[in-house]
Amino acid sequence: PLAIADAEFIENTADRGGGVSLATNIENPVTITRSTLSGNSATGVYGGGGALYARLTTNGDVLALDQVVISDNTAWGRGKALLIESAGPVTPYARLTNILLSDNGPVPGAPASDEDAVVALGPGFTHLEIDLAHVTAAGNAVDTFMYVEPYAFGDTPRTINVRAVNTLLSGFVTGFIAREAGDGEASVTHTRTLFHEVTNPHLTLDGTPEFIAIEPLSGDPMLDVDYRLQAGSAALDQGIDAGVALDLDGDHRPQGLAPDIGADEYLEIAAPASVTLSGPSSVQAGVEAVFLAEVAPQTATQPLTYEWSATDFGPLSRPGGLSDTAGFTWLAPGAKTVTVTVSNGQGEVSDSWPVTVVGEEIFWDGFEATNGQAEARQSVTDGR
């Protein structure tokens, strides 16, 4: 197995697989996470996969990409960004989640072909299963998002099955193109695909490939210069649960009522409107008093930062959710005040709570606590 994380493959050149070439038989899982493949080029006449080429030759999970930016790559042949193939009497499985494909295109001088696409799938004499979830493809210098060609001759049909969920496609002539060569069979099922400035969702070149579009949408995704969603995007809250808890940037999804379509989850920072502090009004010296802070509204953007302060104690700062607790143990009696301030970069709110410490002053390790400061003890519990 090979795991690549938090890596950059930038401005590399090869005949095939400009940034990453898994060109020999890949029989163990390869995962690439939180990485960037940019400015790479596959210049070979028969080469493809400007960013990545993979040849998968075993059953089951073999290739997984998650939270990967694939931009500004070029290729002479198929798959200006990605070329994934398989070989042998097996059925490999690949999964692409939280992928941004932008500004990929042909090597200068490469002849135009109806097979040109950002992503190309072309196994020979075998099957291939591939899932895509939360993929954004926009701003690419090629007419097609995905080209699919199962290639097989003989008594046993070979298949490519593509399943895509919450995909955002912008600026293509065609979304999905398929060609069945020989006994190959192609099936493309996509759910909740947002098409923007896409002329044809599907195109058949040869054979009878199956295209199934479930609840497709159209509209302006309102992408910024980094291909992230902006307010008013047609992608907001329009996806379905694909089992993807984080987005391309590591933000939690969903932020709204439902996941956003594409690799990015729009993060609208909602300020906390109020915080309510509660706890005991009196406490015995030497006994811990626990205070609860609760933030409203429930839609306040998390994480929130809690700044706790109390008479005789130094400040405490930490991130939390919509509520947090802190405990304080005073050793000297008297009037005390607990204050909490909650913020998230968009605004802040505060509340205070008076508490009276009663009883006799506590001596700790043989020394008297002066105003509870010298030997006051503070305890905190994790926020909930």
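Reply: One term comes first. A polar contact is a pair of N or O atoms within 3.5 Å; within protein, one must be able to donate a hydrogen and the other to accept it, and residues adjacent in sequence count only if both atoms are side-chain atoms.

Me: Fine. What sort of model is this?

Reply: The model is predicted: local features need pLDDT of at least 70, side-chain atom pairs count only at pLDDT 80 or more, and totals for chains, interfaces and linings use all residues. Residues are numbered from 1 along each chain as its sequence is written, and side-chain values use heavy atoms, with hydrogens and water left out.

Me: New topic: Glu85. Where is it found?

Reply: Glu85 sits in strand 10, which runs over residues 82-86. The side chain of Glu85 is joined to that of Tyr53 by a polar contact of 2.9 Å.

Me: How far is Glu85 from Arg55?

Reply: The two C-alpha atoms are separated by 4.8 Å, although Glu85 and Arg55 lie 30 residues apart along the chain.

Me: Why is strand 10 called largely enclosed?

Reply: Four of the five residues of strand 10 are buried, so the strand is largely enclosed by the rest of the structure.

Me: Which strands does strand 10 pair with?

Reply: Strand 7, residues 52-56, pairs with strand 10 in the parallel sense over five bridges. Strand 10 also pairs with strand 13, residues 119-121, in the parallel sense over three bridges. Two strands count as paired if DSSP finds at least two bridges between them.

Me: What are examples of the bridge partners?

Reply: Leu52 has Leu82 of strand 10 as its bridge partner. Ile84, in turn, is partnered by Leu121 of strand 13.

Me: How many bridges link strand 6 and strand 9?

Reply: Two bridges link strand 6, residues 41-42, to strand 9, residues 74-75, again in the parallel sense. Ser41 stands opposite Thr74 of strand 9 there.

Me: What about strand 8?

Reply: Strand 8, residues 60-71, pairs with strand 5, residues 30-38, in the parallel sense over eight bridges. Strand 8 pairs as well with strand 11, residues 92-102, in the parallel sense over ten bridges.

Me: Which residues face each other along those pairings?

Reply: Thr31 stands opposite Ala64 in strand 8. Leu63 has Ala94 in strand 11 as its bridge partner.

Me: One last point: how are side chains arranged along a strand in general?

Reply: In a regular strand, side chains alternate between the two faces of the sheet.

Definitions and conventions. Buried means under 20% relative accessible area, exposed over 50%, partly exposed in between (1.4 Å probe, protein chains only).
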